[in-house]
Amino acid sequence: RNKAAILHSLGLSYVRQKQITAALDYLQQAVDEPDSTPRYSYVYAIALHSEGRSSEAIRVLEQALARYGDDREILSALISIHAELGDNEQSNSYKQRLMY
């Protein structure tokens, strides 16, 4: 019934097994499903960022904002990633959105 949840769970299982390529594939599929949630986008983006694919992670998070609106977890991730990359202006802009 809930295909996104199944794909997300498979992705997390592969993360635990340290099979990152397979994990990212399933996590992405979960995000692309119609029954996806902001949480799935967050997890996928954090996995991408952990693999050094920060620009892709930012894209996933920004797409999630467009799809779901100002989700706190998504905004927090964007704040953190931009801060880590030294883009304080962008980080602060997301902080403003989080506060309102």
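This is a predicted model: local features need pLDDT of at least 70, side-chain atom pairs count only at pLDDT 80 or more; totals for chains, interfaces and linings use all residues.

Q: Which residues in H3 are buried?

A: Pro 38, Tyr 40, Ser 41, Val 43, Tyr 44, Ala 45, Ala 47, Leu 48 and His 49.

Q: And how many residues does H3 have, and what does it span?

A: H3 has 13 residues and runs 18 Å from its first C-alpha to its last, close to the 18 Å expected at 1.5 Å a residue.

Q: OK, the H2 and H3 pair. At what angle do they pack, and how far apart are the axes?

A: The angle is about 150°, and the axes lie 9 Å apart. That makes H2 roughly antiparallel to H3, since angles over 145 degrees count that way.

Q: Is the crossing of H2 and H3 left-handed or right-handed?

A: Left-handed.

Q: Which residues meet there, between H2 and H3?

A: From H2 you have Leu 24, Leu 27, Gln 28, Ala 30 and Val 31. On the H3 side they meet Tyr 40, Ser 41, Val 43, Tyr 44, Ala 47 and Leu 48.

Q: Switching to H1. Which residues are buried there?

A: Ala 4, Leu 7, His 8 and Gly 11 are buried in H1. They cover an arc of only 100° around the axis, so they end up on the same side of H1.

Q: What do the buried residues of H1 pack against?

A: Helix H2 (20-32) and helix H3 (38-50).

Q: Which exposed residues are on the face turned away from the buried side of H1?

A: That face carries Ile 6 and Arg 16, both exposed.

Q: How far does H1 reach, first C-alpha to last?

A: H1 covers residues 3-16, which is 14 residues, and reaches 20 Å, close to the 20 Å expected at 1.5 Å a residue. Just after H1, Lys 18 has a positive phi of about 60°.

Q: Last topic, Gln 90. Which helix does Gln 90 lie in?

A: Gln 90 is in helix H6, residues 88-99.

Q: What is the relative accessible area of Gln 90?

A: It is 27%, so Gln 90 counts as partly exposed: buried would be under 20% and exposed over 50%.

Q: And how far is the C-alpha of Gln 90 from that of Leu 78?

A: The two C-alpha atoms are separated by 8.5 Å, with the residues 12 apart along the chain.

Definitions and conventions: Residues are numbered from 1 along each chain as its sequence is written. Side-chain values use heavy atoms; hydrogens and water are left out. Helices (H or I, at least four residues) and strands (E, at least two) are DSSP runs, numbered from the N terminus. The expected span of a helix is 1.5 Å times one less than its number of residues. Buried means under 20% relative accessible area, exposed over 50%, partly exposed in between (1.4 Å probe, protein chains only). The arc is that of the directions from the helix axis to the C-beta atoms. Contact means heavy atoms within 4.5 Å. Axes are lines fitted to C-alpha atoms, for helices over the stretch in contact, and angles run from 0 to 180 degrees between N-to-C directions. Angles under 35 degrees count as roughly parallel, over 145 as roughly antiparallel, 65 to 115 as roughly perpendicular and the rest as oblique. A crossing is left-handed if the near helix is turned anticlockwise from the far one by less than a right angle, and right-handed if clockwise.
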